[in-house]
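Colleague: Could you walk me through this model? I would like to begin with its sheets and then turn to cavities and salt bridges.

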Amino acid sequence: MMRKFSTYIYASLSVAVFLLAVGCPLGAKSSLPPGGNAPVAGVRVDVTPLTTSVQLSDTRDFNAVVVNSVDQNVTWSVIGGVNNGSIDISGLYQAPGTMPASTAVKVRATSNAFPTEYGEATVTLVPGQSFGGFPIELQVGNAGNWQAPNVPVTSGVPLPKGLVPSINALRVTTSGGAYVPAQFTVLSTWDDNSVRWLLVDFLANLSGGVISYYLNNGGTGNATGTQLTVITGGGVITVSTGPLEFTVGSSAFRLFQSVKVDRDGDAQVDDECLEPAALTGVVVTEGVTDYTMDKDPADSVVVEESGPMRCCIRAEGRYRSISAGPDKLRWIARIHAYTGQPYVKVVYSIVNREHDGEDNNDIPANEAAQLADHQDADQIRYTLPVRKIAPTDDVQALISGDSGNHTGTLINPGEYGELRQTYVGSHDTTADSGNPQPAGYTGPDGSSDPMTRIYPSGPDADITYVLQGNLTAVSGDRCPGYMQVALANGIDQLRVTAAVRDFWQNFPKQFNIEYAGNMHIDLWPNIGGWPCQMFEGVMKTHDMLFAFEPIAQVDAGTGIVLTNLINDPPCATVHPRHFKTTQVWGNIATTDSAMDDVSRFAAPYRTKVQAYLTQLKLWFSDIVADRDNGNGLAGGHAYSFFNWGDCKSEDVSHSWDNHDWSIAQACFNWYAASRRRDMMLFGDVALRHYRDICVIHSDVGRRYNYTEPSNPGVGPYGATQKGKSRAADNNRQHNMGNFDSGLPNLEGIQGEALAHHYLLTGDRLSLDVLTECYNFTRGTWKRFFDSANGGTDTILTAPLRQVSAALMLAAAYHMATNDVNAKNFAIYVLFKARARQTSTAPHDPTGRGFDDSSGYFQSYIVGHMVEALEYYRWAIQDSTLDNNILEAMSWIISSDAAVWSNGNFGESYGSTVNAGGQNLLLGAGFAGAKRAASGGNWVLDAEDFLDAQLTSLGTSSDVNTRHTTFAQRFRNGPQFLAVFEP
């Protein structure tokens with residue numbers, strides 16, 4: 001074994017003799033070792049540090065020098081066995097998780113050349129933070145480090161198996177032990193019915209920045225006696241938060257039916273804030289026709305969540321111009337309210353499902369017609385008609401922008417203030433090869449953009465706003481996204497704030513405030529010649545926040561805080577080592593939020609791990625800069641959230657296709673491994689865009705519905721397939737369907753990212769989309785693999801990426817919902833994949849490489865599969881997958897694969913091109929192979945692979961920083977780096 005080298009100057013012989021005469025230095029052997037062999041003159045082992053304190057479960061690095069010996073190899077050991085901890089070959093000591101009988105532990109280094117010579121160090125064990133047990137630290141903060149008191153926190157907390165059998169004994173406390181009212185919701189459970197993911201709601205004080213709270217047992221579960229109440233009756237739901245009361249109705253849903261606060265100071269929350277007769281809800285206008293959300297009763301209005309800290313009302317309906325008329329579009333709304341707070345958050349989605357459920361009779365022209373049948377809107381507007389007590393009430397208005405808070409003077413009769421966020425650059429109005437339309441369809445202007453008909457071709461610097469009207473006329477780059485109006489009439493006072501998430505990025509947007517008190521939010525402003533086109537299946541979601549306070553003055557500080565609540569929401573993060581202990585996403589390596597801590601890695605690999613983390617930070621910072629500052633002149637950047645949520649790429653050959661969205665999963669993985677909040681925020685934004693732009697598009701094309709209780713791939717309640725199932729590679733950006741041909745199909749469904757977004761944030765819309773993806777995938781499998789229903793591919797010749805995606809999706813859906821049929825479906829897919837693994841192909845004679853359907857092996861294909869196997873292993877808790885991973889990885893680094901050479905991966909069979917930098921997907925395979933083999937060779941192979949990664953990363957330029965390469969280089973980094981831990 002090799003010991004760790006340190007600088008050492010050999011002592012002279014006379015000094016050595018002197019030391020032997022007076023005795024060995026502290027820490028070296030001073031008596032006969034076990035066995036009674038005589039010591040060797042002049043040789044000793046010095047261990048540093050000689051004394052140290054180590055927290056339970058923590059690590060400490062030790063060094064050893066064999067004095068007067070050429071051979072510096074030592075063997076490390078812990079006296080007393082594993083109860084006192086362990087130490088690896090490099091001298092990294094791992095303290096035990098629980099305190100042993102004695103707090104003083106001896107660590108020994110024994111010379112390999114002179115086995116009778118050893119040195120020892122004394123470790124004093126001290127209690128440390130518990131990981132995987134109570135108390136669990138919940139560190140609350142936000143990516144932008146903004147501060148405010150009493151802000152709502154809604155966060156998912158992973159828990160180890162068996163720790164929490166019931167939420168009825170949970171509690172949240174401050175660091176000083178004070179009780180904090182909280183709400184607990186079980187999101188998913190382990191197979192023993194203990195809680196796997198817990199959603200925690202409470203109010204946090206962020207006045208001083210980041211603060212720690214603690215989840216503990218010994219409590220009574222959900223809080224009692226809070227101000228939040230929900231009352232249902234007579235087709236009306238009434239919600240009271242304490243300072244605010246609002247009602248919604250199912251017969252004429254307009255978001256709000258009534259909103260009341262204490263405007264007159266009489267301690268009664270009974271003063272109306274809105275003009276009920278002027279409420280219209282969100283209105284979609286085309287030409288001279290208005291389509292409203294209340295022409296017919298809503299399809300559904302339900303209390304989706306009701307707790308002491310937060311509640312959620314979910315409603316769904318249709319836009320129509322007349323009662324019982326044709327649908328223009330559909331809408332989905334979720335209204336969240338929080339105890340003690342004067343505001344509500346609205347998550348509002350607009351969806352085109354015009355041909356939902358229709359068959360196209362397997363005719364390409366019908367498919368093209370369905371897809372091309374878009375809905376146009378000249379304007380999409382939500383109006384809050386603020387109630388004035390008298391026509392002469394004073395009116396103040398504020399609209400904030402990056403060049404200042406635009407307050408101006410009091411608005412007088414007939415006056416208004418208006419700010420529009422738009423784009424002034426050039427547009428690409430021609431179809432591009434990266435996003436062709438389906439055969440048989442040409443857009444009205446020949447363009448390829450499925451949402452707005454025009455595609456930005458310039459940088460984000462061309463995003464701008466103009467404030468006009470009777471507020472001070474100014475211009476700037478980006479409006480943070482809020483406006484305020486304040487009314488005063490004697491003792492009657494009211495301030496209303498409206499904020500919109502990503503106002504500047506998801507342009508065009510517009511705010512308008514009138515003297516009459518009306519506050520208009522244009523989710524799509526009427527700007528002439530640029531209607532919003534919503535094609536079949538497109539969904540767009542807007543987060544809005546509305547605050548109602550009995551205050552007579554506008555205030556920019558309050559507006560910014562309220563805007564931050566939806567643009568950069570606070571989250572409660574657990575320590576990465578707690579996340580690792582829970583094993584909810586498998587075995588992950590951990591670091592700190594700065595991504596600088598490598599102390600938990602074995603010493604020989606720390607420098608390389610640090611270099612990899614440095615590259616990760618550089619790449620992540622670069623794509624964040626693209627989102628914040630635009631693509632600029634970087635021709636290869638494919639990152640920005642542009643044009644009402646759609647994407648932008650100055651290099652059309654690298655448009656943001658479905659299979660690129662795993663960037664969200666990369667961010668969630670690293671958030672778990674580092675507790676870095678900007679990773680969480682970025683993944684959240686990317687996932688929201690993904691579910692709007694890509695996934696809902698699956699609701700077009702050939703549709704099938706099956707019920708077959710005996711088939712585990714379907715389950716007892718049937719399966720549906722809703723999706724575009726054309727064989728041609730067309731409409732690439734929005735095609736989710738064809739299972740047996742082409743790139744942009746099932747592998748574009750990022751089931752694990754949707755599941756993790758739901759589990760981390762409690763976002764029910766992600767769960768809705770995940771459910772749709774799952775049902776679609778299950779039905780697709782049914783169609784293509786069941787000969788009784790037209791399927792012929794019983795030997796599974798589909799591209800392996802689609803098999804991997806189906807496997808991961810089923811496992812993710814089971815983890816998020818505990819659906820036993822999803823587990824059965826996952827087992828069914830795994831059975832098919834295992835059968836395929838044992839088959840032979842031209843370039844895979846041993847049947848161990850998971851070759852693609854063409855028979856030609858590609859390394860990233862096996863990367864997707866081993867990633868799915870590793871994910872399945874932990875989600876379904878099936879350790880038998882270890883051997884499958886070992887087989888696949890053993891094959892890939894053998895000569896049979898013809899893609900591996902000294903750590904370098906070729907992209908395909910026989911290739912000499914090093915594609916190692918693009919294939920960190922394989923990193924999960926290294927982790928699983930090491931675990932199954934229980935040997936060290938896999939660490940050496942992984943080190944070669946890491947060397948290739950660093951070489952590839954070091955030669956990459958900024959122009960190549962795209963989502964696909966970022967995700968593939970870093971997505972499984974936490975799993976891969978775990979190979980280098982002791």
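Modeller: Gladly, and a definition comes first: two strands pair if DSSP finds at least two bridges between them. Helices (H or I, at least four residues) and strands (E, at least two) are DSSP runs, numbered from the N terminus. This is a predicted model, in which local features need pLDDT of at least 70 and side-chain atom pairs count only at pLDDT 80 or more, while totals for chains, interfaces and linings use all residues. Residues are numbered from 1 along each chain as its sequence is written, and side-chain values use heavy atoms, with hydrogens and water left out.

Colleague: Thanks! Which residue in S16 does Thr173 stand opposite?

Modeller: Strand S12 covers residues 171-174 and runs antiparallel to strand S16, residues 211-216. Four bridges join these two strands. Within S16, the residue opposite Thr173 is Tyr214.

Colleague: Which strands stand at the edges of that open sheet, and why is one side of each left without a neighbour?

Modeller: The sheet has five strands with antiparallel pairing, in the order S13-S12-S16-S10-S43.

Colleague: How many charged residues are in its lining?

Modeller: The lining of the largest cavity has 43 residues, and Thr154, Lys345, Pro569, Pro570 and Thr761 lie nearest the centre. Ala, Val, Leu, Ile, Met, Phe, Trp, Tyr, Cys and Pro count as nonpolar, Asp, Glu, Lys and Arg as charged, and the others, Gly among them, as polar. By class there are 22 nonpolar and eight polar residues, and the charged ones number 13.

Colleague: On to salt bridges: which residue pairs with Arg606?

Modeller: A salt bridge is a side-chain nitrogen of Lys or Arg within 4 Å of a carboxyl oxygen of Asp or Glu, and the whole structure has 38 of them. In this one, the closest N and O atoms are 3.2 Å apart, and the partner of Arg606 is Asp61.

Colleague: How many residues apart are they?

Modeller: Arg606 is in helix H5 (residues 606-629) and Asp61 in strand S3 (residues 59-61), so the pair links distant parts of the chain. The separation is 545 residues.

Colleague: Is Asp763 buried or exposed?

Modeller: Asp763 forms a salt bridge with Arg688, with the closest N and O atoms 3.7 Å apart. Asp763 lies in the loop between helix H8 (751-761) and helix H9 (764-785), and Arg688 in helix H7 (residues 677-693), so the bridge ties together parts 75 residues apart in sequence. Buried means under 20% relative accessible area, exposed over 50%, partly exposed in between (1.4 Å probe, protein chains only). Like Arg688, Asp763 is buried.

Colleague: And what is the relative accessibility of Pro326?

Modeller: Pro326 sits in the loop between strand S25 (310-318) and strand S26 (330-338). Pro326 counts as exposed, with a relative accessibility of 64%.

Notes:
On a 1 Å grid over the protein atoms alone, a cavity is a set of points where a 1.4 Å probe fits but cannot get out, and a pocket is an open set with protein on both sides within 12 Å along at least five of seven lines; lining residues have an atom within 4 Å of a point.
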